[in-house]
Amino acid sequence: MVRPYRFSLEEFLRLPLPERGVELLKGEIYQMAPIGPRHAYTVNRWNRVLQEAFPHLLVQVQGPLVLPPDTYLEPDLLLLKPGDYSHRLPGPEDVHLVLEVAESSLDYDLTKKLPLYAQGGVPEVWVQDLVGGRLLLFRTPEGDHYREQIWVKPGEKVAPLAFPEVSLEVPW
């Protein structure tokens, strides 16, 4: 029987891959969808919103998040706890919030990445569904899923679980 080779996180990080565009999910390499103008614009808007609301935190745009032992993701935005990440990549213990923007990648984000975020213990994931015109909030990880799932429309206000006093308007 032929079986695919599964990469460890260490092997993946040593591969001569392009700077962006691939992720390692449970040892398998996935090519990410190209970023279009609407996706890029939405990421930039969320980046501005998060930077303004949380100047004391690090907002990482399309950078790495490792979920040991065999997962390397590049979420669109990470709201990270303060810290020195110059000698290590952020892990789930460093994350307040993951935000993914989905135009053509909604199925991939919800069926492939979301269970891994939950298994890794990421406390909260927001998925901006550009086609459906909604923000999907996933909170309270349990196993490979989130116990709370909320849909929010553009223009409504939401607050991250870690900062309930900070109300953010969902961009259009």
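## Close-up views of a predicted model

**View 1. Strand S3 meets strand S6 in this predicted model.** Strand S3, made of residues 58-61, is joined to S6 by four bridges, and the two run antiparallel. To find your way into this pairing, look for Val-61, which stands opposite Leu-77 of S6.

**View 2. Strand S6 also pairs with strand S7.** Here, too, the strands run antiparallel, and four bridges join S6 to S7, which spans residues 95-102. A handy landmark is Leu-80, whose bridge partner in S7 is Val-95.

**View 3. Strand S6 is covered on both faces.** Residues 77-80 make up this strand. Leu-77 and Leu-79 lie on one side, with Leu-78 and Leu-80 on the other, and all four are buried.

**View 4. Two phenylalanines form an aromatic pair.** The model holds six aromatic pairs. One of them brings together Phe-54 and Phe-163, with 4.9 Å from centre to centre. Their planes are 50 degrees apart, and the pair is tilted. Follow the chain and you will see that this pair links distant parts of it, as the two residues are 109 residues apart. Phe-54 sits in the loop between helix H2 (37-53) and S3, while Phe-163 belongs to the loop between strand S11 (157-158) and strand S12 (168-169). Phe-54 counts as buried because its relative accessibility is 0%. Phe-163 has a relative accessible area of 12%, so this residue is buried as well.

**View 5. An arginine lies over a tryptophan ring.** Arg-134 is placed over the face of Trp-151, at 3.9 Å from the ring centre.

Note on methods: Residues are numbered from 1 along each chain as its sequence is written. This is a predicted model: local features need pLDDT of at least 70, side-chain atom pairs count only at pLDDT 80 or more; totals for chains, interfaces and linings use all residues. Side-chain values use heavy atoms; hydrogens and water are left out. Buried means under 20% relative accessible area, exposed over 50%, partly exposed in between (1.4 Å probe, protein chains only). Two strands pair if DSSP finds at least two bridges between them. Rings of Phe, Tyr and Trp (its six-membered ring) pair if their centres lie within 6.5 Å; planes under 30 degrees apart count as stacked, over 60 as edge-to-face and the rest as tilted. A charge sits over a ring if NZ of Lys or CZ of Arg is within 6 Å of the ring centre and within 35 degrees of the ring normal.
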